[in-house]
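Please read it beside the sequence and the coordinates.

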Amino acid sequence: MSRPQANGGDSGQNKSSSNEQEPQQPNTIEFPMPDLSYLSDEVFQRNAKMGRLVAKKRCILCHKIEGRGAILQPPLVQVSMRRLKRMLDYDQYLTQLETEDPDRFTAGKKTFEAIRDEADVLKSMRLWLKGYLRQPTFDNSQAKMPLQVLTPAEIEQLASYVIQLGVEGYQKGETPLED
Ligand code: HEC
């Protein structure tokens with residue numbers, strides 16, 4: 001598979017020792033950016049636009065969006081960035097799931113295989129988000145997000161928006177969440 005490798009697991013913190021330089025540089029992080037051509041797909045763009053509006057109604061209760069909303073959970077941009085990064089290692093995650101939670105693995109096998117077999121990282125993230133927004137525990141018994149009641153159209157729109165947020169977060173040098 002031709003996915004880029006995440007580098008070594010830590011989130012690219014550059015532990016340069018001095019804190020003395022004054023105006024802090026934006027926190028640029030090394031991230032092996034995947035193929036981004038999916039972002040220019042017209043349908044994707046339309047969905048992402050709609051998704052932003054849905055998110056501002058539905059997700060802002062817990063996640064900040066564009067600086068507004070609740071602080072119960074990390075801002076949507078940050079969870080989106082972390083998810084994008086996690087998609088790079090999803091193969092490994094599934095191997096672990098198969099041994100640690102075989103029932104869940106078997107129940108979702110078709111979805112997981114589709115996610116794993118999709119070579120375009122952004123498209124595989126879309127499939128992942130569709131599973132997650134339908135049922136947050138679909139691949140993880142520990143997932144803490146309560147089930148959100150969403151229509152299939154809303155899920156498609158939100159998935160596009162979350163992908164866009166994740167990519168833009170890295171491009172703008174937003175601070176990623178610790179794993
Ligand atoms: C009731 C509170 C709540 C609402 C509303 C909510 N979330 Fe979450 N969300 C959570 C919690 C809790 C987590 C887990 C945080 C963590 O893993 O650090 C989470 C995590 C996430 C993640 C990261 C999942 C992962 O494992 O990568 C995404 C993406 C996400 N939420 C998207 C959304 C979207 C889109 C909406 C709007 C439909 C939404 N959330 C609404 C509570 C909420």
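**Notes on the predicted model**

1. Leaving aside neighbours within four places in sequence, Leu177 is in contact with Pro74, Gln78, Val79 and Arg82, where two residues are in contact if their C-beta atoms, placed from the backbone, lie within 7 Å. With 16 C-beta neighbours inside 10 Å, Leu177 counts as partly exposed; a residue is buried if 20 or more other C-beta atoms, placed from the backbone, lie within 10 Å of its own, exposed if 12 or fewer, and partly exposed in between.

2. On provenance and numbering, this is a predicted model, in which local features need pLDDT of at least 70 and side-chain atom pairs count only at pLDDT 80 or more, while totals for chains, interfaces and linings use all residues. Residues are numbered from 1 along each chain as its sequence is written.

3. As to the overall fold, the protein chain has 7 helices and 0 strands, and its pattern along the sequence reads α-α-α-α-α-α-α; helices (H or I, at least four residues) and strands (E, at least two) are DSSP runs, numbered from the N terminus. Of the 179 residues of the protein chain, 27% count as buried. Among the contacts in the protein chain with a separation of 6 or more, 66% come from residues 24 or more positions apart.

4. Which residues are the closest to the ligand? They are Cys59, Cys62, Val79, Arg83 and Met145, out of 18 residues that surround the ligand, a residue being counted if its C-beta atom, placed from the backbone, lies within 6 Å of the molecule. Helix H1 (42–58), helix H2 (76–87) and helix H7 (152–171) are the elements that give two or more residues to this shell, and H2 gives the most, with 4 residues. By class, the shell around the ligand holds 10 nonpolar, 4 polar and 4 charged residues, where Ala, Val, Leu, Ile, Met, Phe, Trp, Tyr, Cys and Pro count as nonpolar, Asp, Glu, Lys and Arg as charged, and the others, Gly among them, as polar.

5. H1 and H7 pack at an angle of about 95°, with their axes 7 Å apart, which makes H1 roughly perpendicular to H7. Here the axes are lines fitted to C-alpha atoms, for helices over the stretch in contact, and angles run from 0 to 180 degrees between N-to-C directions; angles under 35 degrees count as roughly parallel, over 145 as roughly antiparallel, 65 to 115 as roughly perpendicular and the rest as oblique. The contact of H1 with H7 comprises 7 nonpolar, 5 polar and 3 charged residues, including Phe44, Met50 and Arg52 in H1 and Glu154, Leu158 and Tyr161 in H7.

6. H2 and H7 pack at an angle of about 90°, with their axes 8 Å apart, and are therefore roughly perpendicular to each other. Among the residues making this contact are Leu76, Ser80 and Arg83 of H2, together with Val162, Gly166 and Tyr170 of H7. By class, the contact of H2 with H7 has 8 nonpolar, 3 polar and 1 charged residues.

7. The largest nonpolar core has 30 residues, of which Met125, Leu129, Leu158, Ala159 and Val162 touch the most other members; such a core is a set of buried Ala, Val, Leu, Ile, Met, Phe, Trp, Tyr and Cys residues joined through C-beta atoms within 7 Å. H1, H2, helix H5 (109–117), helix H6 (121–134) and H7 each give two or more residues to this core, and H7 gives the most, with 9 residues. Not counting residues up to four places away in sequence, Met125 touches Arg83, Leu84, Met87 and Ile163.

8. One backbone detail deserves a look: Glu66 has a positive phi of about 50° although it is not a glycine. Glu66 is placed in the loop between H1 and H2 and, with 13 C-beta neighbours inside 10 Å, counts as partly exposed.

9. Finally, Leu97 in helix H3 touches Arg104, Phe105 and Asp139, not counting residues up to four places away in sequence.
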